[in-house]
Structure formats: C-alpha cells, structure tokens
Amino acid sequence: MDQDNTVTTSTFFGVERKEVYLNYLPTPDSIAYKPSKNTVTLLTNEGTDFTPKLAMSLSKKGHRVVILSLMKSISHSNSYNDIDIIKLEQNDDEHIQKAIFSIQSKYGKIGHFIHLHPAFKFQNGRFTQHFNTEKEIIQTVFLLAKHLQANLNELGQTERTSFLTVTQLDGKLGLAKQGDVSILGGGLNGLTKCLNLEWSPVYCRAVDIAPTFDSDQKAASILQELYDPNRSVLEVGLHQEGRTTLAAKEVALQENSPIKTTITKDSVFLVSGGAKGITAKCVIEMAKTFQCKFILLGRSKNDFILPTYAQNGISEAALKAQIMNALKAKGEKPSLSKVKSIYKNIVAKKEIDQTLNSIQTYGAEAVYLQADVTQLHAIHPQLNAITQKWGKITGIIHGAGRLADKYIQDKTAQDFHNVLSVKLDGLLNLLQVVDIHNLDHLVLFSSVAGFYGNVGQTDYAIANEILNKAAQLFKTNHPNTQVSSINWGAWDSGMVSDALKKKFEAMGVRLVNTDGGPALLVNEMNVDYANQAQVILGGTLPTGISYTEGELKTHKIHRNLNLEENPFLMHHVIQNHAVLPVVNAMGWMCNNAEQIFPDFKIYKVENTQLFKGLVFDGNQPKHFVTELKEVQKSAEEIVLETTIYSKKTQAKLPTYHYKAQITLVKKNKVFNTSAFQANLIGKQNPVNGTAFYQDGSLFHDEYFRGIEQVHYWDQHEMLMTCTAPEVPSQAQGQFPVDSVNTFFSDIQYQGMVVWVQKYYEGAKSLPLATESCTIYEKIPFGKSLNVHIQIVEHNSHKMVATCTVYDETGKVYMLTKNAALTVSKDLKW
C-alpha cells in the first residue's frame with residue numbers, strides 16, 4: 001500500500017455507521033411442538049452421514065422425513081433405513097413444481113423444509129472452483145422456496161412450520177478467517193432472512209455449522225435450532241467456540257475531520273455502475289477529496305452527440321415531443337418503443353457527461369467505457385491503453401446492481417440469474433482485469449437487504465450476502481488490501497422509488513441522504529477501518545413480522561437452566577448461593593414473549609407474583625417450562641398470561657415459580673408521557689451510593705451495582721441517580737436484555753431495600769410482588785437516570801412503593817406501581 005495521506009471528510013447529514021460483529025447467543029430454549037401425522041419434513045441431501053443422522057433424529061421427534069437429492073452427483077449413504085429418497089432430475093421451475101406436488105400427493109403436506117448445503121472448499125487458490133455447482137444448488141433452493149410458499153404459509157396458520165437453510169462455511173457465518181472456504185452458500189442467509197419477512201406464519205432460520213463437527217453433533221445442533229422459539233434471531237453460527245449471530249452496533253462519527261488514507265492523486269479506481277446514480281455521486285465525492293483517477297463502466301451509450309434540442313434543460317414531455325418531431329423529419333414512424341429508447345439514451349448520456357464534468361471540475365480525471373460488467377472481455381484493449389497512460393489499477397468499486405423486486409412466489413429463474421450475475425459475475429470479471437495481489441482497495445456496494453432481509457428482494461439479498469462473504473474471504477487471503485463491503489441502507493434516490501420511500505418512512509427507516517452517503521463512503525477509506533471488511537452505512541430494516549391472526553394459542557417453552565451458562569448469577573449471591581433475582585425471572589418471561597412476537601416490545605408487566613424462587617444450592621430443579629397463554633391478540637397489541645413452573649420426575653404436580661400478565665405493543669410505537677421532576681427544594685441530603693455495597697447494606701456484586709447517589713430520603717420518598725453497568729452478552733447467558741433492562745430494574749429495587757434498612761433497623765427485604773411496571777423507553781446500559789421512590793405503605797412486615805425512572809429532561813423511561821417487598825429482621829445476606 002502507498003504511504004498514508006491525510007484528507008478531511010465532509011458532513012454526513014445524520015447517516016449512521018454500524019460495525020458488524022459476531023454476538024454471543026445462549027443455548028436455545030425449546031418450543032413444545034409435535035408435528036401432525038399428515039405433514040412431511042423435506043430434507044435435502046448433502047451427501048454425507050450428516051443427512052441420515054439428522055433424518056433419524058427428526059424421525060425420533062415424530063417427523064415423517066422425505067429426503068430430496070438436488071444433484072445427481074451427490075452420493076447416498078447406506079444409513080437411511082426406511083426413509084424415502086426422491087431424486088430431482090432437473091432443477092427448472094416445472095420439474096421442481098412437479099416434484100413437490102408428487103411428494104405431497106404421496107406423503108402429505110410439507111410442513112418443514114431443511115436444506116443441507118454441502119461443505120465446499122477450494123484448492124490452490126481457485127476460489128471459483130465450485131461456483132457453478134453452488135449456484136445451481138442455490139437456484140434450486142430459491143425455486144423450491146417459490147413452490148413451497150403457499151403450503152408452508154397456509155399450514156403455518158394452524159401449526160408450526162419452518163424453513164431452514166444449513167451451510168457449512170466455518171461455523172462463524174464466514175467470519176472465521178479461513179482462506180479456502182467456497183462462500184456462495186452464504187447467500188442462502190439472505191434468502192432465509194427475506195422469507196422471514198414475507199412469510200410471517202413460518203419459522204425461518206439460516207444456520208452455519210462448523211464442518212469440523214461430527215455428524216452426531218451436527219444433527220443434534222440442527223434439531224435444537226429447529227425447535228428454538230426465538231423468531232427474532234434469523235441466522236446462527238455454530239462453532240466449537242460457541243453459538244453466535246451477526247449483529248451491528250452504531251459507532252460515533254466525527255464529520256468534517258481529518259482521516260488517514262492510502263488514496264493519492266495517482267490512485268486509479270475501476271468503477272462498475274460508476275457514471276450514474278448513487279455510485280456516480282460517491283465517485284464525485286471521492287474526486288473532490290482525493291483528485292484521483294477513475295475508469296467508469298456502464299451499459300449506457302455515450303458515443304454520440306446530443307441533438308441540439310436536448311442540450312439544455314427540458315422537461316420529459318417536451319423532450320419526448322422533440323424526439324417524435326425529429327423522427328418524423330427523418331421520415332421515420334415515431335413508435336412508442338423507439339421514442340422511449342432514444343429518450344433513455346439521451347437522459348443517460350446527459351447524466352454520464354455531467355458526472356465526467358463534475359469529476360474534472362474537482363481536479364480529478366475520469367474516462368467512461370461502455371461495458372456490461374458481466375462481459376468485460378471486449379474492453380481489455382481499452383483498459384490496457386488507459387493503464388499504460390495512468391498506471392496500474394489500484395482500486396475497484398463494484399457499484400453495479402440490478403433489481404427484480406417481487407414476492408418469492410412470483411420470481412423466476414431468469415430473475416435469479418439477472419440479479420445474481422451483475423453482483424457475482426461482475427465482481428469476478430472486475431477481479432480478472434486487475435492484479436489482485438497489488439490491489440489497495442476493494443469496495444463492494446452491498447445492501448442492508450442482505451444483512452436484514454427485505455420483502456420482495458430474495459434474489460437481491462442472496463447476491464449481496466455473497467458479496468459480504470466474498471469481502472471477508474478476500475480480506476483473509478489479501479490482508480494488505482483494504483476491503484469494504486458496504487451494506488448501504490435505502491437511499492433517498494437511486495433505485496428506491498417514491499412508493500418505496502413512503503413505505504420505508506412508514507416503517508421508521510431513515511433513508512441515506514444523497515450528500516451524506518457519499519461523504520461517509522470517503523470516510524470509509526480511513527486506514528483505521530482497514531480490518532473491517534463489512535460495514536452498514538445508513539438505516540436498518542425491520543427483521544421480523546409476527547403472525548397475529550387466527551385463534552388464541554398457548555405457547556410452552558422448555559428451558560434447561562444451569563449456573564455455568566449464566567455468569568451474572570454469581571453477582572447475586574445470598575448466603576453463599578446464587579439466587580435468581582425476581583426481576584430477571586420477569587425478564588425471562590418477557591424475553592420469551594418477544595421471541596415469539598419479534599416485531600413487538602414489552603409495554604407493561606402486571607400482577608407479578610413470586611411463588612417459589614430459585615436458589616442454586618444443588619437441589620434446585622434443572623428443567624423449566626414457560627407457559628405463554630394468549631389472552632388478547634391484534635396487529636397492534638398482544639396480552640399474555642405467563643407462568644414459569646418446573647416438575648421433577650417423581651412429582652405428581654408442577655411447582656409454580658413466577659406469574660405475570662404481559663402486554664406487548666409494536667416496536668415502532670412511541671409513547672408521549674408527561675414530564676416528571678421530583679421536588680427537591682430544601683431537601684438535598686446526598687449519600688454516595690457506593691457505600692451501600694461496601695458496608696454490607698447490599699449484597700450485590702459488580703453487574704448489579706448501580707446506585708450512584710441518593711440525593712434525598714425521608715419517610716415519604718427517596719430520590720437516587722442510578723446507572724446499570726454494562727453486562728457482556730455472554731455473562732447475561734440465558735437471560736439477555738431486550739426491551740426490559742432487568743439489571744436496572746433490580747437496582748431500582750435496591751433503593752427500596754436500603755430505605756427499609758434506614759427506617760427498620762436490622763431488617764432486610766426482598767421483592768415479593770408488583771402491581772405493574774410500564775416501559776415507555778428502553779433503558780440502556782451505562783446511562784445515568786434518576787429514580788424517584790414514592791412510599792405508598794410500610795410496616796414491620798411489608799413495604800410498598802411506586803418508582804419512576806426519568807432523565808434530566810423529565811422524560812419518563814419506566815413507571816413501577818405498588819412494588820412490594822417483604823420486611824424481616826430474620827433475613828440475612
């Protein structure tokens with residue numbers, strides 16, 4: 001790479017930057033479900049013992065399994081026993097439709113589909129070695145999804161149905177830095193994430209399992225994923241180091257600030273799709289900043305002179321009228337298609353010329369070549385002539401793309417090919433015309449449609465997810481190249497139509513500003529980002545749509561609970577034994593509710609009751625059931641009666657532990673509450689909160705230590721400032737924080753505990769029950785908030801209070817009404 005160069009970025013206009021990382025996931029719970037006798041689980045064959053092992057495991061769980069072989073070349077194990085195998089002779093629309101019809105006619109309706117993707121590795125650096133085979137398999141799965149759509153969704157309205165894709169990249173969703181993995185299968189994650197949005201009644205998940213797992217491990221792991229109740233997790237990596245998912249976190253940005261980059265005025269970028277649209281805007285911003293050189297590729301013609309009537313600003317209608325007149329003057333018949341074609345060429349040329357002029361205005365250089373990025377062989381002589389003049393190509397920007405937006409059931413094999421070829425074949429062709437071992441920059445224009453999924457964009461998501469995996473692979477094998485797969489959010493221009501803009505706005509999706517996006521691309525050339533091969537620039541997309549129609553249901557979710565998987569419990573120890581805080585038990589129920597309904601959030605928890613707490617003394621039960629009984633359900637609000645119980649093997653009746661009523665509302669719902677401020681005039685009497693943890697008043701360890709200061713307390717009220725310390729995901733274990741920050745809730749109750757100790761000397765207390773807790777805004781870790789405690793009643797046995805959590809502006813985050821504590825002088829920490 002060249003020596004670092006310092007440049008200054010522009011204004012980002014509120015466009016966000018999010019870093020992509022692997023986030024810890026706990027062992028999944030298991031939803032109680034038994035497949036009906038007249039349904040079939042369709043399992044594709046990947047050619048090893050993994051397939052029959054999983055088939056037999058599914059059979060033991062009551063599934064009627066049929067195995068579908070997608071490729072003639074795949075071998076068949078001798079371990080299938082009585083499981084039928086169907087061979088798909090051809091992978092076109094017609095044969096796939098006939099195969100599904102035949103299977104359902106003979107065996108029953110398909111209720112579950114699991115695709116097992118073979119593990120492909122390339123040799124001797126031939127990373128395209130298996131691409132044709134993989135593309136064929138992926139297209140087959142794409143078309144299978146098309147023809148399974150109606151059946152899975154219809155059946156899913158009355159029973160659990162599922163669509164799973166299982167790849168064997170590296171067990172870390174392509175982020176394990178293995179340099180010989182064929183990455184095309186990673187595109188299946190994009191398909192599955194889109195189907196999750198299109199198919200609300202169907203459980204959809206993409207799993208990447210380490211190929212080093214043995215067949216028994218693989219089968220057991222996939223069975224766990226199939227029965228996971230969590231619909232908010234869409235892709236899972238399974239590796240010897242643990243279970244993970246891809247996540248994104250927003251990072252702070254400094255706009256109008258200096259950055260270091262290896263781009264200089266001598267840098268030469270080969271840019272696909274670079275003369276028009278958003279890619280052109282990005283190139284112009286780079287020209288403004290770096291004054292470097294650009295070879296712009298595009299399919300539009302530019303080798304003609306604009307007619308006089310088209311050279312100045314003119315409306316669309318007027319320009320078309322002029323085109324018709326010009327054709328008539330030549331004696332030609334002005335057909336609609338002819339007029340449209342000429343109009344399109346004129347508009348394209350004007351935009352191309354404007355891009356070239358803008359680049360040159362900023363002191364940079366550019367040349368435009370007409371070329372289809374999927375077929376670049378014709379321009380090799382022109383590229384050679386340009387590089388002889390300018391020097392070698394030092395960077396690639398792959399901005400070309402094509403859309404064919406429609407629901408999966410309306411897609412065709414041609415749609416799949418058209419969309420995929422521009423992204424994938426285009427990238428391969430660009431890499432073939434440069435010296436990849438001396439490439440300073442590789443910038444791929446990917447999309448949040450791949451990272452999150454998007455309705456109508458299954459093929460586009462597949463293509464962009466392949467780009468994301470390709471970026472990780474290229475960075476692993478070429479560490480000196482700065483690789484950036486930019487997952488752009490939806491722009492306020494480009495391929496986003498006005499109708500789509502309105503749809504995004506209704507969903508609360510912020511569009512990428514036309515000036516801010518290009519400025520942020522320049523910022524991405526910062527050498528500080530050299531090891532971040534994938535990044536999100538712009539707003540997020542929705543990741544789940546709950547099915548809220550049909551009859552009211554009861555969901556039962558099983559959990560095996562152990563101390564080892566929940567490190568936070570060792571920060572809540574009473575009399576030498578870890579104890580599950582009541583608020584975390586409530587969080588357990590809330591989390592299960594949000595897993596079932598992924599686009600909802602907790603609004604209210606009412607009538608919480610503790611029957612028998614959990615003390616980890618070695619005699620505690622290991623297996624628990626959360627029962628979520630739907631009381632009320634609509635597209636806007638869901639009410640659940642929730643209970644957690646356990647049952648030991650010899651016991652006749654279950655032991656009930658916790659109960660509450662939970663109300664969920666849509667995630668995008670915003671609450672407007674009255675501002676709250678405690679009246680502290682003449683009442684200041686501050687106490688450092690740290691003292692309570694040091695003098696034995698509170699037994700809590702680091703993760704639960706959050707009382708910073710008590711500003712005032714008397715027999716009627718108390719005011720504190722509290723902050724929930726950051727608790728790592730792995731430490732949260734099976735109790736991850738989502739809408740409800742249970743750690744802050746516990747800290748709130750701690751204030752009530754120390755109040756009891758002040759006014760009932762020698763007494764201790766623990767939470768007993770709560771009338772209601774209303775969540776207006778999620779409480780983040782690390783944010784300092786005020787907690788006002790209004791004492792409702794108190795005596796030597798019980799204390800009741802109402803707590804209000806609010807910030808410095810008076811904005812209310814949480815209101816807890818009539819929280820009750822036991823008061824006892826016999827209770828010892």
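A: Helices (H or I, at least four residues) and strands (E, at least two) are DSSP runs, numbered from the N terminus, and a helix's expected span is 1.5 Å times one less than its number of residues. This is a predicted model, where local features need pLDDT of at least 70, side-chain atom pairs count only at pLDDT 80 or more, and totals for chains, interfaces and linings use all residues. Residues are numbered from 1 along each chain as its sequence is written, and side-chain values use heavy atoms, with hydrogens and water left out.

Q: OK, how far does H12 reach from its first C-alpha to its last?
A: H12 (residues 458–477) has 20 residues and reaches 29 Å, close to the 28 Å expected.

Q: And how many of its residues are buried?
A: 18 of the 20 in H12, so the rest of the structure largely encloses it. Buried means under 20% relative accessible area, exposed over 50%, partly exposed in between (1.4 Å probe, protein chains only).

Q: Switching to rings: how many aromatic pairs are there in the whole structure?
A: The search finds 23. Rings of Phe, Tyr and Trp (its six-membered ring) pair if their centres lie within 6.5 Å; planes under 30 degrees apart are stacked, over 60 edge-to-face, the rest tilted. Tyr33 and Tyr227 have ring centres 6.3 Å apart and planes at 50°, so that pair is tilted.

Q: Are those two buried or exposed?
A: Tyr33 and Tyr227 are both buried.

Q: Which residues do ring pairs link into a cluster?
A: Phe568, Trp588, Phe624, Phe704, Phe735, Phe743 and Phe781.
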